[in-house]
Amino acid sequence: DDELLGYCRAGEFAFILSSRQVGKSSLMVRTARQLESENIRSVIIDLSSIGVNISADEWYLGILDEIATTLNLKTDIFSWWSERAGLGPAQRLTNFFRDVLLKEVSQPVVLFFDEIDSTLSIPFADDFFAALRAIYNARSTVDDFKRLSFVMIGVATPSDLISDSTRTPFN
């Protein structure tokens with residue numbers, strides 16, 4: 001518990017990868033509650049509830065909807081997303097974090113992505129994980145990204161989560 005809490009407080013990218021029924025979700029919920037008590041906002045996104053037999057736009061919008069609902073964002077995410085239809089979904093996700101989430105929420109934010117193994121069957125998972133890694137890496141040039149961190153939770157290994165070995169978001 002303390003180790004994950006420390007990573008979240010420090011804004012680090014964290015993974016909880018293990019077999020089923022070992023307490024990963026309980027750890028996530030306890031950590032999120034503790035973070036909230038410290039004025040660090042958190043969002044738990046169950047990726048399995050978004051689905052896998054949907055388009056990339058629908059999948060990414062499912063993530064944005066969970067974030068917007070949990071954090072009571074003012075931006076109409078559906079209009080915002082469609083106004084940027086000329087960009088790819090992963091770039092829109094990155095821009096959403098920078099231009100909406102981190103503008104509307106002044107506190108640090110931890111996004112918990114639960115059931116990340118559900119991404120194994122979607123063809124655009126590499127883009128999603130690469131976008132999260134790019135956001136993490138951009139913290140040196142985009143100050144607001146220093147307030148955003150991610151926790152990946154599921155039954156998988158990092159190598160399971162990326163099908164293209166030339167793109168290494170899990171190095």
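Predicted model: local features only at pLDDT ≥ 70, side-chain atom pairs only at ≥ 80, totals over all residues.
**Entry 1: a word to start with**

**Entry 2: Ser118**

I then asked myself: where does Ser118 lie? I found Ser118 in the loop between β3 and α7. Its side chain reaches the backbone oxygen of Glu115 at 2.8 Å. Next I left aside the neighbours within four places in sequence, and Ser118 turned out to be in contact with Leu47, Ser48 and Val52.

**Entry 3: strand β3**

**Entry 4: the partners of β3**

I checked both partner strands. Strand β2 (residues 41–46) runs parallel to β3, and six bridges join the two. One pair I marked is Asp46 with Asp114 in β3. Strand β4 (residues 148–154) also runs parallel to β3, with five bridges between them. Here I marked Phe112, whose bridge partner in β4 is Val151.

**Entry 5: the whole sheet**

In which order do the four strands stand? I read the order as β1-β4-β3-β2, in an open sheet with parallel pairing. β1 (14–17) and β2 stand at the edges; each has a single partner strand, so one side of each is left without a neighbour in the sheet. Neighbouring strands are turned by 15 degrees against each other on average, direction ignored. I reminded myself that strands of a sheet pair through backbone hydrogen bonds. For β1 I found four bridges to β4, in the parallel sense, and I saw Leu17 opposite Gly154 in β4.

**Entry 6: the helices**

I traced the chain from β3 through helix α7 (residues 125–137) to β4 and noted a right-handed β-α-β unit. Helix α6 (residues 89–104) packs with α7 at an angle of about 35 degrees, their axes 9 Å apart. I noted that this crossing of α6 and α7 is right-handed. Which residues meet there? From α6 I listed Ala90, Leu93, Thr94 and Phe97, and these meet Asp127, Phe128, Ala131, Leu132 and Ile135 in α7. Last, I looked at helix α4 (residues 56–71), which lies across β2 and β3 and runs at about 140 degrees to β2.

Notes:
Residues numbered from 1 in each chain as written. Heavy atoms only, no water. Pairing = 2+ DSSP bridges. Right-handed = clockwise from strand over helix to strand, strands pointing away. Polar contact = N/O pair within 3.5 Å; in protein donor to acceptor, adjacent residues only side chain to side chain. Contact = heavy atoms within 4.5 Å. Axes fitted to C-alpha atoms, helices over the stretch in contact; angles between N-to-C directions. Left-handed = near helix turned anticlockwise from the far one by under 90°.
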